[in-house]
Amino acid sequence: MKQPVLIKKGAEANLYLADWHGRKAVLKKRLPKEYRPKFLDEQIRVYRTIHEPQLMHEAKKAGVPTPVIFLVDHKNTTIVMEYVEGKQVKQLLNEVSESQRQSLCFGIGEMIGRLHEYGIVHGDLTTSNLIQRSEGKVFFLDFGLGDKTKELEARGVDLHLMKRALQSTHYEFADECFGSAIEGYSSVLKSETTGNVLHKIKEIERRGRYVAERKEKD
Amino acid sequence: MTNRKAKERYCLGIESSADDFGVGISTFDGKILANAIDAYVPPEGGIHPREAARHHAEVASEVLDAAFAESGVEPRNLSVIAFTQGPGLGPCLRTGATVARALASHLKIPLVRINHCVAHVEIGKLETGTKNPLTLYVSGGNTIVAAFDAGRYRIFGETLDIALGNCLDVFAREVGLHQKPSLPFGAVVEKLAQTGKQLMKLPYTVKGMDVSLSGLLTAAVALSKKGECKLEDVCYSLQETAFSMLTEVTERALAHTGRDEVLLTGGVAANKRLQSMIKSVAREHTARFDVVPTRFAIDNGAMIAWTGVLAYTHGAVTAIEKSQVRLRWRLEEAEIPWMQ
């Protein structure tokens with residue numbers, strides 16, 4: 001492997017551009033965090049290094065595009081995976097027309113629906129973790145905080161986090177995007193399930209401190 | 001009592017959202033002249049809102065007097081009165097708001113409503129000289145990672161259930177620790193944690209940029225009550241786990257927003273261990289790290305006074321009939337016309 005070039009210094013891991021036997025690859029290395037105790041730090045990094053590729057593999061079975069895994073090295077907390085050529089949805093949302101935005105979000109909602117139906121929650125659904133390739137396929141990245149579960153609570157939190165991420169980063173059209181995503185989501189899951197998840201999201205929001213909506217129940 | 005300069009203008013701020021009743025006085029150019037506080041310490045258990053409110057009503061005039069004495073400002077020299085409109089405990093907020101309304105109408109000067117969370121960020125910026133930081137605001141009632149964008153402080157991460165300060169307080173109470181006015185629960189736990197060595201396994205729950213602390217609290221209390229390990233070790237493990245979670249989400253928000261300043265504010269900001277962790281991630285992302293001085297970390301009137309100056313000088317005035325307290329006024333809902 002050629003000397004990898006740092007392409008992104010993330011919060012959790014450094015991403016390097018690498019060459020994997022002639023294929024363009026990303027090397028994701030979870031580096032030790034000096035701030036937390038060594039024991040806790042190793043536990044977290046090793047767990048996520050093993051867990052993430054498993055979930056990416058499961059996601060593919062659910063019909064959701066994720067990068068191909070080339071190598072998992074849990075001793076060095078490193079994953080080597082396919083480099084997905086494309087644009088971050090974070091950028092795209094600001095560049096495309098309203099109708100394109102809606103169909104993009106609808107498609108993302110469908111994919112989340114597939115993940116949830118299959119029993120996976122992503123755990124970090126921000127628009128920087130979604131990459132659209134030129135032919136239109138949206139790839140899901142960063143499953144490090146994900147989980148294998150069909151619990152309503154986990155599904156609700158997953159979508160709640162997505163809504164919150166949209167509100168902080170794309171506040172101009174957060175509601176519109178989330179609405180389209182939910183339409184896509186409900187086109188995959190049974191309407192009863194979608195209803196329950198939406199109800200759960202409301203409940204999670206009310207749990208938050210100082211949310212005006214809680215007043216209705218007081 | 002010193003005589004203040006003739007042309008100087010002043011804002012008096014009243015804070016009463018929880019257990020502290022505070023009065024601060026700030027000049028319009030950001031000099032804090034007074035920061036008087038009287039804390040309500042419950043004989044046992046947590047803060048009972050009505051009891052705390054009664055305390056606030058009892059000490060209000062003394063604390064006001066102390067602020068005037070400390071600053072050398074006379075009531076007639078004030079230009080504006082600011083008060084915490086929310087978020088917080090209803091009876092406590094109402095007591096402070098009543099005092100503020102009475103003062104403003106008696107002195108015939110304008111009243112300005114302030115969001116408590118905004119004030120914690122603004123006093124941090126004023127005292128540390130940061131301009132546009134990513135802020136971790138941790139206190140008894142709030143746990144928020146926020147940064148300014150397009151007119152508001154946007155929330156990137158927060159707790160999904162209880163606040164960090166609340167988690168530490170309840171833990172301390174449940175395991176039978178006691179606090180004193182000079183040594184609040186957070187400081188008691190911090191002190192014990194310093195001699196803890198063994199890290200126990202406790203739930204570490206990070207979801208996106210949010211954290212969940214209630215499961216951690218339950219597990220830490222249960223672990224302590226089992227009596228198989230030293231209390232020092234449980235305090236240490238609780239702090240290490242909770243702070244690591246908070247530091248992880250702060251780092252996520254830092255990488256996401258690409259800010260070059262990190263500000264730690266709110267009551268729990270006084271914790272040295274938390275400071276060192278946040279400092280470490282700031283350094284890693286070549287961002288400057290600042291922490292609000294302890295006297296402005298806890299709830300205080302000075303932060304309300306200073307934020308009152310910012311709001312008032314940018315056109316904000318609150319009519320008495322629109323000054324009802326707002327118990328659940330989210331940080332993100334408050335407009336910030338003085339930024340940009």
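This is a predicted model: local features need pLDDT of at least 70, side-chain atom pairs count only at pLDDT 80 or more; totals for chains, interfaces and linings use all residues.
**Entry 1: chain B as a whole**

I began with the secondary structure of chain B and found ten helices and twelve strands. I then looked up the radius of gyration, which is 20 Å for chain B. The globule rule gives 20 Å for 340 residues, so chain B is as compact as a globular protein of that length. Along the principal axes, the C-alpha atoms of chain B fill a box of roughly 65 × 45 × 35 Å.

I also looked up burial. Of the 340 residues in chain B, 59% count as buried. For the contacts in chain B I took those with a separation of 6 or more, and 77% of them are between residues 24 or more positions apart.

**Entry 2: the domains of chain B**

How is chain B divided into domains? Domain 1 has two pieces, 10–116 and 298–333, while domain 2 covers 121–296. I noted 26 Å between the C-alpha centres of domain 1 and domain 2 of chain B. Where these domains touch, domain 1 of chain B gives 15 residues and domain 2 of chain B gives 15 residues.

Which of the elements gives the most? α10(B) does, with five residues. I sorted this side of domain 1 of chain B by class and got nine nonpolar, five polar and one charged residues.

**Entry 3: a sheet in chain B**

Next I followed an open sheet of five strands in chain B, in the order β3-β2-β1-β4-β5. The pairing in this sheet is mixed. Which strands are at the edges? They are β3 (32–39) and β5 (111–115) of chain B, and each pairs on one side only. Ignoring direction, neighbouring strands of the sheet are turned by 20° against each other on average.

I picked one pair of strands to look at. Strand β1 (residues 10–15) of chain B pairs with strand β4 (residues 78–86) of chain B in the parallel sense, over five bridges. On this pair I marked B:Leu12, which stands opposite B:Ile81 in β4(B).

Then I turned to helices that lie on these strands. Helix α1 (residues 49–71) of chain B lies across β2 (20–27) and β3 of chain B, and it runs at about 155° to β3(B). Helix α10 (residues 301–312) of chain B packs on the sheet and touches β1, β2, β3, β4 and β5 of chain B. The direction of α10(B) makes about 130° with that of β1(B).

**Entry 4: the domains of chain A**

I moved to chain A. Its domain assignment gives domain 1 (5–82) and domain 2 (87–217). The C-alpha centres of domain 1 and domain 2 of chain A lie 23 Å apart. I noted that 14 residues from domain 1 of chain A and 14 residues from domain 2 of chain A take part in the contact. On the side of domain 1 of chain A that touches domain 2, I found seven nonpolar, two polar and five charged residues.

**Entry 5: a sheet in chain A**

Five strands of chain A form an open sheet in the order β1-β2-β3-β5-β4, and the pairing is antiparallel.

I marked A:Asp19, whose bridge partner in β3(A) is A:Lys24. Helix α1 (residues 38–61) of chain A packs on the sheet, touching β3, β4 and β5 (78–82) of chain A. Its direction makes about 160° with that of β4(A).

**Entry 6: where the chains meet**

Last, I looked up the contact between the chains, in which 31 residues of chain B touch 27 residues of chain A. On the chain B side, the elements giving two or more residues are β8 (152–158), β9 (206–207), α7 (231–257) and α8 (272–284). With eight residues, α7(B) gives the most. By class, I noted 14 nonpolar, seven polar and ten charged residues on the side of chain B that touches chain A.

Technical notes:
Residues are numbered from 1 along each chain as its sequence is written. Chains are lettered from A and ligands numbered from 1 in the order in which they are written. Two residues are in contact if their C-beta atoms, placed from the backbone, lie within 7 Å. Helices (H or I, at least four residues) and strands (E, at least two) are DSSP runs, numbered from the N terminus. Ala, Val, Leu, Ile, Met, Phe, Trp, Tyr, Cys and Pro count as nonpolar, Asp, Glu, Lys and Arg as charged, and the others, Gly among them, as polar. Two strands pair if DSSP finds at least two bridges between them. Axes are lines fitted to C-alpha atoms, for helices over the stretch in contact, and angles run from 0 to 180 degrees between N-to-C directions. The radius of gyration is taken over C-alpha atoms; the globule rule is 2.2 Å times the number of residues to the power 0.38. A residue is buried if 20 or more other C-beta atoms lie within 10 Å of its own, exposed if 12 or fewer, and partly exposed in between; C-beta atoms are placed from the backbone. Domain bounds come from an automatic or database domain assignment.
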